[in-house]
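Biologist: Please take me through this model, beginning with a single residue and then widening the view.

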Amino acid sequence: MRLSQTLLATLREDPAEAETVSHRLMLRAGLVRQLAAGIYSWLPLGLRVLHKVEQVVREEMNRTGAQEVLLPAVQPAELWQQSGRWDKYGPELLRLRDRHRREFCFGPTHEETITDLARRELRSYKQLPITFYQIQTKFRDEIRPRFGIMRAREFLMKDAYSFHIDAASLEETYQQMYQAYTCILTRLGLEFRAVRADSGNIGGNLSHEFHVLAEAGEDCIASSDVSTYAANLELVEVPAPTVPRPAASATLGEVHTPGQHSIAEVSAALKVSPEQCVKTLLVNGADEQPVAVVLRGDHELNRIKAERHPDIGAPLRLLDAAQVEQAAGCPPGSVGPPGLKLKVIADGAAAQLADFVCGANRAGLHLTGVNWGRDLPEPQRADLRNAVTGDPSPDGHGHLQLSRGIEVGHIFQLGTRYSAAMQAVCLNPDGKAVPLTMGCYGIGVSRLVAAAIEQHHDARGIIWPAALAPFQVILIPVNMHKSPRLADAVQQLYSELCGHGMEVLLDDRKQRPGVMYNDAELLGIPHWIICSERGLDQGQVEYRHRAGTESQPVALSTVAGFLLEQ
């Protein structure tokens, strides 16, 4: 393709609205343009990358034996009402009415639609197992669309659904999909990690997320430093302490802490470490009565763990200032477990402390030298916190390290969550009608483009992995418009490379070399061939890889063979 005939919409300055590297570079390289908040148009070069991702995904899905379908984007409300998600999904579901006032939604996912198809078409276990997939536009009305393509409202997704006669069959396909996702991300040249995850509002008993590792990731991943264990931070179990709690050695005391409410403020004022303090959070209980949750000062509450505790309400709700005052008799920041007339649940690390600092349940006062069993009753213990670096790995091997990840894929074992609700049944070998057992497998096609940029870039622009680059080679002729013989040589080389099946972008614009180099760096095309009259006199061109800084001479007659070996 000739650059003079291509829509090249590069920008020299960083867009003010761009918050992440991928958002900034996708706009600067002219891959996308925003139409509305969280809604983007894909320009020619960006669409080429998007199609590369689609192709890899499609090939790996076909390799598993999955069959491609295309389901309607607009779905009738009745299906979502049958599954029970119409009222539960929340404001992210874009709802609309047709001219007859019938309710529909623009699908954020397609469990209901595929289950409806299955209950109409699948009759016998002899048709199972079977997997369908599609690559289609989804819409989720994010409350705050941000980070460009990374968290857009409209996005391209591959979603697949499998149907089985039993859980054993589902497990086989689940492992196939796990391997297919591993192959997809490996082929795309991405560093990633698969982790155990929460199933969220999709449902099911088991799920794994696939994360591309990048500093811009919204998710925190915990992994063992010596084993294969990895999980989303929200699901990491923290083993209970195995050593005895230290004996009390300090006398209970009371100190004034006016204006000091946070752990950081209190620990600084009292010259103690946050690890020696506890914080007490008041939350809604399962019986709607307040419950006190106690954590070590340097730890954070894990919402999912808290919501799973039988005494804590779900969804988790922290009491506001007025409710805290009513329940504890003091403002937030002064609450402590001693003397608290509430149910107290302490995380294992907080219950292990001796001689700790906590709120005194009076404004501007804290207690020092507090000990469980001596100054207040022993608490109910539970695992309620997020794991931190250095915690023991739950599998018993090594210690945890934390990293950031961008979730690009999620696979679920749904079981009969949808089929039972929607009466999707088939006959088993005994002739009995049983609900279909289901699996669900999603991967963000458009999000993968942004994730790849977050992982592969430098200060000058994008550095595409080979499988994702819009073109493999860019020809950069210096001042070709001033030299007919250089133009002829470049045209001949262009035709030769295209004849070998290479995807070549010829920068045939009448631009200064600096402009051409800057655009090539920004676009991130892997292989550069720089042609000049001086090189032509020597029968050579310059070769440079986008990820490198040095050029090397290559004989003009061997360019095609050289590139095929790269």
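**From one residue to the whole chain**

Modeller: Asn284 is buried, with a relative accessible area of 6%; buried means under 20%, exposed over 50% and partly exposed in between, with a 1.4 Å probe and protein chains only. This is a predicted model, in which local features need pLDDT of at least 70, side-chain atom pairs count only at pLDDT 80 or more, and totals for chains, interfaces and linings use all residues. Residues are numbered from 1 along each chain as its sequence is written, and side-chain values use heavy atoms, with hydrogens and water left out.

Biologist: Which element holds Asn284?

Modeller: Asn284 belongs to strand E14, residues 278–284. Helices (H or I, at least four residues) and strands (E, at least two) are DSSP runs numbered from the N terminus.

Biologist: And what does Asn284 touch?

Modeller: Leaving aside residues up to four places away in sequence, Asn284 touches Gln289, Ile312, Gly313, Pro315, Leu316, Arg317 and Leu319, a contact being heavy atoms within 4.5 Å. For Arg317, the backbone nitrogen lies 2.7 Å from a polar atom of the Asn284 side chain.

Biologist: Changing topic, where is Leu235?

Modeller: Leu235 sits in the loop between strand E12 (230–232) and strand E13 (253–256). Leu235 counts as buried, at 17% relative accessibility.

Biologist: Now the helices. How many residues of H1 are buried?

Modeller: Seven of the eight residues of H1 are buried, namely Ser22, His23, Arg24, Leu25, Met26, Leu27 and Arg28. They pack against strands E1 (32–36), E2 (39–42), E24 (457–458) and E25 (461–462), as well as H10 and helix H12 (513–523). After H1 comes Gly30, with a positive phi near 70°.

Biologist: At what angle do H1 and H10 pack?

Modeller: H1 (residues 21–28) and H10 (residues 445–455) pack at about 105°, and their axes are 8 Å apart. H1 is therefore roughly perpendicular to H10, the class for angles of 65 to 115 degrees. On the H1 side the contact uses Val21, Ser22, Leu25 and Met26, and on the H10 side Val449, Ala450, Ile453 and Glu454. Six of the residues in this contact are nonpolar, one is polar and one is charged.

Biologist: Which residues of H4 are buried?

Modeller: In H4 (residues 111–121) the buried residues are Glu111, Glu112, Thr113, Ile114, Thr115, Asp116 and Ala118. Their cover includes strand E4 (74–76), helix H3 (77–83), strand E7 (130–139), strand E8 (154–164), strand E20 (400–415) and strand E23 (437–444).

Biologist: Which members of the largest nonpolar core touch the most other members?

Modeller: Met26, Leu31, Val53, Leu188, Tyr441, Leu448 and Trp464 do so, in a core of 66 residues. A nonpolar core is a set of buried Ala, Val, Leu, Ile, Met, Phe, Trp, Tyr and Cys residues joined through side-chain atoms within 4.5 Å. Not counting residues up to four places away in sequence, Val53 touches Leu188, Val445, Leu448, Val449 and Leu468. Another core, of 24 residues, lies apart from it and includes Leu340, Val344, Leu353 and Trp372.

Biologist: Finally, how many helices and strands are in the chain?

Modeller: The chain has 14 helices and 30 strands. Its C-alpha trace spans about 95 × 70 × 50 Å along the principal axes, and 52% of its 566 residues count as buried. Of the contacts between residues at least 6 apart in sequence, 68% join residues at least 24 apart.

How values were computed:
Axes fitted to C-alpha atoms, helices over the stretch in contact; angles between N-to-C directions. Parallel < 35°, antiparallel > 145°, perpendicular 65-115°, else oblique. Nonpolar A, V, L, I, M, F, W, Y, C, P; charged D, E, K, R; others polar. Polar contact = N/O pair within 3.5 Å; in protein donor to acceptor, adjacent residues only side chain to side chain.
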